[in-house]
Amino acid sequence: MCGITGFQVFRKYREFDEDSTIKKITDILTHRGPDSSGFWKSDEDKIYMGHRRLSIVDLSMNGKQPMTSNNGRYVITFNGEIYNYRELREQLESSFKVKFYNNTDTQVILELVAILGIKKAIEKLEGMFAFALWDNQTKSIFLTRDRFGEKPLFYYLDNNILVFASELKSVKAFFLTNKLDIDLDSSNYYSMLGYIPAPRTIYKKVFKVLPSEIIKISNGVIKKEKYWSIVRKKETKIDFSYRDNLSEINVLLEDSVKKMMIADVEIGCFLSGGIDSSLIASLMQKNSIKKIKTFTVGFKEEKYNEAIYAKKISEYIGSDHNEILVSMDDMINNIDGIIDQFDEPFADSSCLPTNIISKFASKSLKVVLSGDGGDEIFLGYNRYLYGKKIKFLNSFTSRQIRSFIKKSIDYLPIDLLDRLSSPFQKTFGLHGLSHKMMKLSNIINYENNYDFYKRLSILDNSKLDQFLDSSESIFGDYNDIELIESIQRNDIDYYLLNDILTKVDRASMDNSLEVRSPFLDHKLVERAFKVPSLQKMRGNNQKIILKDILGKYIPKNLYDRPKMGFGIPIENWLKKDKMIKRCDDVFYNTDWHYLGYNKNRISKIWDDYKKYKSYPASKIWSYLISGLWANKNVAN
């Protein structure tokens with residue numbers, strides 16, 4: 001896994017030293033690739049490319065990038081892993097007599113493109129990746145990203161210059177101080193969602209390459225196309241028995257795990273003790289000739305500690321288990337660090353334990369597998385149950401009755417809900433009950449699939465009407481398919497991309513650790529979407545297929561419990577004097593106008609929370625993070 005950078009000057013631009021600039025913006029990404037660096041340029045075409053390398057495959061200097069194709073036409077700076085590169089290499093050698101001078105997946109991509117063209121080449125790739133490819137013949141640069149957006153790629157484009165990089169901090173560093181302006185629309189979307197939806201970023205003229213997107217830029221002219229998507233026609237549902245579906249999913253998942261275990265370095269596994277990570281760890285251990293290393297993070301506060309379950313599963317499968325216990329104060333002390341990691345406001349507090357476990361694992365190895373994507377692909381989130389139950393409720397109740405239910409929920413004091421649910425968080429998975437009840441209140445009177453997902457996704461409820469009335473189509477409407485699948489597809493397009501995968505990439509790569517996600521093998525996903533929802537979720541039983549596969553490896557009592565994940569009790573944090581003082585400083589003293597927020601409104605939100613606990617703690621956390629980010633990045 002690596003960090004990539006580059007820029008091209010189209011027209012007369014400010015005077016600057018190109019060589020020192022490409023080195024500067026590349027070295028900023030040393031954490032993504034601490035093993036070596038490389039540079040390539042064409043002074044004639046004013047194109048400059050940089051690379052930081054984390055050596056995973058072919059550890060020799062033969063794998064150094066940027067890399068040039070055998071015919072000299074293409075130059076690539078590549079970040080990622082291609083899991084089927086050996087198979088593709090054999091095909092290139094046998095069918096096209098291609099000569100290889102190293103054992104990397106990078107050269108395989110180059111020679112595939114040279115023979116097939118970029119789109120057909122990418123369609124053959126199985127893996128996670130983002131890369132920039134220079135075509136010396138057409139004088140064009142291509143930016144592209146994997147099917148789900150596991151690896152990031154940002155770019156700035158105007159009439160004079162293109163700048164691209166794996167992280168926003170490198171793009172920003174290219175420009176002089178205060179060159180990049182805050183995009184207030186993006187800031188507003190953050191306040192609603194807790195993340196900034198791609199292709200937007202917090203800055204004007206800076207964008208994220210979308211998953212499955214190929215962007216061609218020729219002398220400043222941009223052209224975009226998609227190379228893959230999940231088929232959404234109803235007739236793709238396969239009328240196979242549950243046993244057949246279970247068998248095929250089992251085979252595809254195990255194949256995915258085996259592919260992702262290929263590397264020239266040792267590979268471990270994150271193990272939370274939940275269904276997804278437990279299944280990945282079990283399949284890894286099954287296919288390993290020695291004990292795999294598993295890693296978990298737990299809390300010293302016993303009521304929040306889930307590490308005991310991971311340890312029991314590790315003992316059962318026989319892995320070499322590694323556990324780190326942290327306190328809530330340890331997490332609080334790491335808040336400032338995440339501001340630097342994410343480069344733009346990002347409100348998912350679980351990035352804190354993700355960062356801690358990534359740092360812990362990176363001391364032992366360079367690569368781990370994770371269970372990310374299991375919830376989205378196999379219906380693991382509570383929202384799928386909500387959708388199912390609300391749809392059923394709407395089938396026999398009037399809008400008046402549902403409005404009465406909504407008002408009853410809204411009448412309940414938020415602080416009371418959290419206090420009452422606190423003793424039952426572990427037993428019933430009631431962490432953040434106030435936030436969940438707020439969601440229920442929002443969605444109970446939804447109009448259609450698109451409206452449901454908007455209501456489901458809002459973070460600051462006071463902006464719900466504004467969000468619903470927005471003319472911009474933030475999410476896919478998916479109104480032509482059933483509700484549960486529409487939620488699932490939007491989760492993959494937005495929540496998985498902008499929250500889960502962003503969190504994992506930044507937290508892991510900040511610690512020079514590569515994370516691979518077997519559930520996001522596109523062949524597995526395509527097959528999973530041909531399975532009816534009723535075979536993934538029946539009654540209140542979710543992820544049925546994964547549970548049945550996991551049951552082959554470990555006893556049910558070790559994993560069958562309410563979902564907690566890396567749940568963090570933010571409402572408890574906000575009672576600590578240290579956090580109250582920190583929030584006082586941020587809410588009262590931040591120049592909120594930089595983000596387009598009204599300072600009096602933001603201050604009142606904090607005042608009301610302190611007095612009445614009248615908002616979910618997640619809302620306070622999101623504004624705290626945005627204030628910390630603004631104070632560090634845009635305030636004078």
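Modeller: Happy to! Keep in mind that this is a predicted model. Let us take strand β6, residues 127-135, which is mostly covered: nine of its nine residues are buried. In a regular strand the side chains alternate between the two faces of the sheet. In β6, Gly127, Phe129, Phe131, Leu133 and Asp135 point one way, Met128, Ala130, Ala132 and Trp134 point the other way, and all of them are buried.

Now for the partners of β6. Strands of a sheet pair through backbone hydrogen bonds, either parallel or antiparallel. Strand β5, residues 74-82, pairs with β6 in the antiparallel sense over nine bridges.

For comparison, have a look at strand β9. Five of the five residues of β9 (161-165) are buried, so this strand is largely enclosed by the rest of the structure. Ile161, Val163 and Ala165 lie on one side of β9, with Leu162 and Phe164 on the other, and both faces are covered. Strand β1, residues 2-9, runs antiparallel to β9 and is joined to it by five bridges; threonine 5 stands opposite alanine 165 there. Strand β8, residues 154-157, pairs with β9 too, in the antiparallel sense over four bridges. In that pairing tyrosine 156 has valine 163 of β9 as its bridge partner, and a hairpin of three residues joins β8 to β9.

A parallel arrangement is found elsewhere in the model. Five strands form an open sheet in the order β15-β14-β13-β16-β17, with parallel pairing. Strands β15 (320-326) and β17 (514-516) stand at the edges with a single partner each, so one side of each has no neighbour in the sheet. On average, neighbouring strands of this sheet are turned by 30 degrees against each other, direction ignored. Within the sheet, β13 (residues 267-270) and β14 (residues 293-299) pair over two bridges, and phenylalanine 270 has phenylalanine 295 in β14 as its bridge partner.

Two helices are worth a stop as well. The axes of α2 (residues 85-96) and α3 (residues 105-116) come within 10 Å and cross at roughly 45 degrees. That angle makes α2 oblique to α3, and the crossing is left-handed. At their contact, Tyr85, Leu88, Arg89, Leu92 and Phe96 of α2 meet Asp105, Val108, Glu111, Leu112 and Ile115 of α3.

Last comes helix α7, residues 242-260, where you can check the geometry yourself. At 1.5 Å a residue, its 19 residues should span 27 Å, and the end C-alpha atoms are 27 Å apart, which agrees. Its buried residues include Asn245, Leu246, Ile249, Asn250, Leu253 and Val257. An α-helix has 3.6 residues a turn, so residues three or four places apart point the same way.

Definitions and conventions. Residues are numbered from 1 along each chain as its sequence is written. This is a predicted model: local features need pLDDT of at least 70, side-chain atom pairs count only at pLDDT 80 or more; totals for chains, interfaces and linings use all residues. Side-chain values use heavy atoms; hydrogens and water are left out. Two strands pair if DSSP finds at least two bridges between them. Axes are lines fitted to C-alpha atoms, for helices over the stretch in contact, and angles run from 0 to 180 degrees between N-to-C directions. Buried means under 20% relative accessible area, exposed over 50%, partly exposed in between (1.4 Å probe, protein chains only). The expected span of a helix is 1.5 Å times one less than its number of residues. Angles under 35 degrees count as roughly parallel, over 145 as roughly antiparallel, 65 to 115 as roughly perpendicular and the rest as oblique. A crossing is left-handed if the near helix is turned anticlockwise from the far one by less than a right angle, and right-handed if clockwise. Contact means heavy atoms within 4.5 Å.
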